[in-house]
Amino acid sequence: MSTSLNKTSKTSNKHSVIEVDHLSVSFEDYKALDDISFTVDEHDFVYVIGPNGSGKSTLLATLTGLLKPTSGTVSLHVDGEIGYLPQKLFNKRNIPITVKEVIYTGIAKPSLHIKPEERKLMESWLDKMQIKHTLHMPIDTLSGGQQQRVYLIRALINQPKLLLLDEPTSALDPSFREHFNQLLETLHQQGTTILYITHDLHEYKDEGKKILYIDQRIHYYGSVKEYKCIHEGGHQHV
Ligand code: ADP
Ligand code: MG
């Protein structure tokens, strides 16, 4: 899934982190994604939007390798870790997996025994996400919003160079959502490339960010600013 940075590229000082070329993904006869091509450069922040069922989650799952292209190719060029927050969280009942264990599966090279520094790192993240008391609790005893924070920690704990987020704030309350978005701004400023599936575009600072609008095919890919000019025509209430 990850390959090292191509240091021989001389054409541009920005390199592509994601290259999607004529990608189609079908479920039996249904084409969830139909011949899409795009690239994402390092340090880009891309909102992925589109109606329900438009193939957004399918796209992210294909980028992570969880789904295979039916045709076309996906290449990632990431000089470091990849963080992924899926839309559907682990919610199987009767499997006594704790918060600690969920987060630990996000550590790059987990071993049988958690090292003291890894435990400290987990605790500091739980503190940052305001759920410090949950470390030893079974994940299914947490509220939806708390579970989402645990999975966010799992996606962020390795300081990923590429972050793939599938509706990360859907279960968060508004005040924590703001806190989370500020955290993302910081990560972006530190150089993380971010793909962010959302329905709430209006909430965020959009300077320098991009929109990928998909509905089986790509309907728009460009700056947020231009998208708003085209689609909102200056109207505030849409
Ligand atoms: P979005 O995330 O944009 O709401 P999805 O990528 O989840 O959309 O789904 C796109 C389409 O593919 C939907 O019609 C959905 O029902 C279908 N689909 C997604 N995953 C599967 C699957 N595992 N098996 C069959 N159909 C699927
Ligand atoms: Mg989805």
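Q130 is partly exposed in this predicted model, with a relative accessible area of 49%; buried denotes under 20% relative accessible area, exposed over 50%, and partly exposed the range in between (1.4 Å probe, protein chains only). The residue lies in the loop between helix 3 (116–128) and helix 4 (144–156), where helices (H or I, at least four residues) and strands (E, at least two) are DSSP runs numbered from the N terminus. Although Q130 is not a glycine, its phi is positive, at about 60°. Most residues other than glycine have a negative phi. A positive phi is also found for D35, another non-glycine residue, with a value near 60°. D35 belongs to strand 2 and is partly exposed, its relative accessible area being 35%.

The model is predicted, so that local features need pLDDT of at least 70 and side-chain atom pairs count only at pLDDT 80 or more, whereas totals for chains, interfaces and linings use all residues. Residues are numbered from 1 along each chain as its sequence is written, chains are lettered from A and ligands numbered from 1 in the order in which they are written, and side-chain values use heavy atoms, with hydrogens and water left out.

The protein chain contains 6 helices and 9 strands. Of its 238 residues, 43% are buried. Among contacts (heavy atoms within 4.5 Å) with a separation of 6 or more, 67% join residues 24 or more positions apart. The accessible surface of the chain, computed by the Shrake-Rupley method with a 1.4 Å probe, where for residues only the protein chains shown count as cover, comes to about 13100 Å², and carbon and sulfur atoms account for 51% of this area.

The magnesium ion (ligand 2) is coordinated by OG of S57 and OE1 of Q87, at 2.1 Å. Because S57 lies in helix 1 (residues 56–63) and Q87 in the loop between strand 5 (82–85) and helix 2 (99–104), the pair ties together parts that are 30 residues apart in sequence. Donors are N, O and S atoms within 2.8 Å of the metal (3.2 Å for Na, K and Ca); water is not among the atoms, so sites may look incomplete. Both coordinating residues are partly exposed, S57 at 27% relative accessibility and Q87 at 39%.

The shell, in which a residue is near the molecule if one of its heavy atoms lies within 4 Å of it, consists of F27, Y30, A32, P51, N52, G53, S54, G55, K56, S57 and T58. By class, the shell divides into 4 nonpolar, 6 polar and 1 charged residues; Ala, Val, Leu, Ile, Met, Phe, Trp, Tyr, Cys and Pro count as nonpolar, Asp, Glu, Lys and Arg as charged, and the others, Gly among them, as polar.

Oxygen atoms of the ligand lie 3.1 Å from a backbone N or O atom of S54, 3.1 Å from a polar backbone atom of G55 and 2.9 Å from a side-chain N or O atom of S57. Taken alone, ligand 1 exposes 560 Å², of which the protein buries 58%.

Helix 1 itself is mostly covered, 7 of its 8 residues being buried. These buried residues are K56, T58, L59, L60, A61, T62 and L63. Just after the helix, G65 adopts a positive phi of about 90°.

Elsewhere in the chain, L187 is placed in helix 5 (residues 174–189) and is buried, at 17% relative accessibility. T192, in the loop between helix 5 and strand 7 (193–197), is likewise buried, at 6%. The side chain of T192 reaches the backbone oxygen of L187 at 3.0 Å. When neighbours within four places in sequence are left aside, L187 is in contact with L156, L163 and T192, while T192 is in contact with H43, D44, P160, K161, L162, L163 and L187. The C-alpha atoms of L187 and Q159 are 8.6 Å apart in space, and the two residues are 28 residues apart in sequence.

Conventions:
Polar contact = N/O pair within 3.5 Å; in protein donor to acceptor, adjacent residues only side chain to side chain.
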